[in-house]
Amino acid sequence: MSSIQRYHVGPRLCEIVVHNNTVYLAGQIAEDLSGDARQQTREVLGFIDRLLHQVGSDKSKILTTTIYLADMADYDAMNEVWAEWVAHGHPPARATVEARLADPRYKVEMTVVAAL
């Protein structure tokens with residue numbers, strides 16, 4: 001039986017779950033909600049980098065990403081930051097959808113599945 005490792009466990013969720021050499025990240029949002037979509041995207045991607053690093057993975061091993069935007073008008077701004085960040089030659093499968101996020105100040109939220 002494979003073990004399940006959970007990191008940064010809270011009362012409702014954990015930030016990272018590792019199972020069968022696969023890393024699952026909870027939805028990542030910016031802490032500074034005063035910024036625009038570019039700033040929030042940069043912050044979210046920084047969190048993703050740090051969380052993956054904690055378990056021995058990195059952005060070149062991301063298998064899939066789901067990006068939730070509060071407003072599709074921010075798609076180009078988010079994509080500019082994404083294009084600078086994504087591991088060149090190793091882009092993941094990706095979906096981007098518009099969604100009402102938990103706080104109206106959130107502009108972007110991302111979930112990630114990566115290999116170890």
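1. In which helix does T41 lie? In this predicted model, T41 belongs to helix α1, which spans residues 37–54. The relative accessibility of T41 is 0%, and the residue therefore counts as buried, the limit being under 20%. Leaving aside residues up to four places away in sequence, T41 is in contact with M78, V81, V108 and M110.

2. The strands deserve attention next. Six of them form an open sheet with mixed pairing, in the order β1-β2-β3-β6-β4-β5. The edges are β1 (4–9) and β5 (93–98), each of which pairs on one side only. On average, neighbouring strands of this sheet are turned by 10° against each other, direction ignored. As background for the student, strands of a sheet pair through backbone hydrogen bonds, either parallel or antiparallel.

3. Strand β4 (residues 62–69) pairs with β5 in the parallel sense, over six bridges. Within this region, L69 has E98 of β5 as its bridge partner.

4. The placement of helix α1 relative to the strands should be noted. Helix α1 lies across β1, β2 (14–19), β3 (22–28), β4 and β6 (108–115).

5. The largest nonpolar core contains 26 residues. Within this core, the residues with the most contacts are V23, L25, I48, W82 and M110. Two or more residues come from each of β2, β3, α1, β4, α2 (75–85) and β6. Helix α1 gives the most, with five residues.

6. With a relative accessible area of 8%, W82 is buried, because the value is under 20%. Not counting residues up to four places away in sequence, W82 touches L45, T65, I67, P92, R94 and M110. R94 also lies over the face of W82, at 5.1 Å from the ring centre.

7. What is the arrangement of the rings of W82 and W85? A pair of aromatic rings is described by the distance of the centres and the angle of the planes. The count of aromatic pairs in the model comes to one. In the pair of W82 and W85, the ring centres are 5.3 Å apart and the planes stand at 50°, so the pair is tilted. Both residues lie in helix α2, three residues apart, which is about one turn of the helix. W85, at 10% relative accessibility, counts as buried.

Note on methods: Residues are numbered from 1 along each chain as its sequence is written. This is a predicted model: local features need pLDDT of at least 70, side-chain atom pairs count only at pLDDT 80 or more; totals for chains, interfaces and linings use all residues. Side-chain values use heavy atoms; hydrogens and water are left out. Helices (H or I, at least four residues) and strands (E, at least two) are DSSP runs, numbered from the N terminus. Buried means under 20% relative accessible area, exposed over 50%, partly exposed in between (1.4 Å probe, protein chains only). Contact means heavy atoms within 4.5 Å. Two strands pair if DSSP finds at least two bridges between them. Axes are lines fitted to C-alpha atoms, for helices over the stretch in contact, and angles run from 0 to 180 degrees between N-to-C directions. A nonpolar core is a set of buried Ala, Val, Leu, Ile, Met, Phe, Trp, Tyr and Cys residues joined through side-chain atoms within 4.5 Å. Rings of Phe, Tyr and Trp (its six-membered ring) pair if their centres lie within 6.5 Å; planes under 30 degrees apart count as stacked, over 60 as edge-to-face and the rest as tilted. A charge sits over a ring if NZ of Lys or CZ of Arg is within 6 Å of the ring centre and within 35 degrees of the ring normal.
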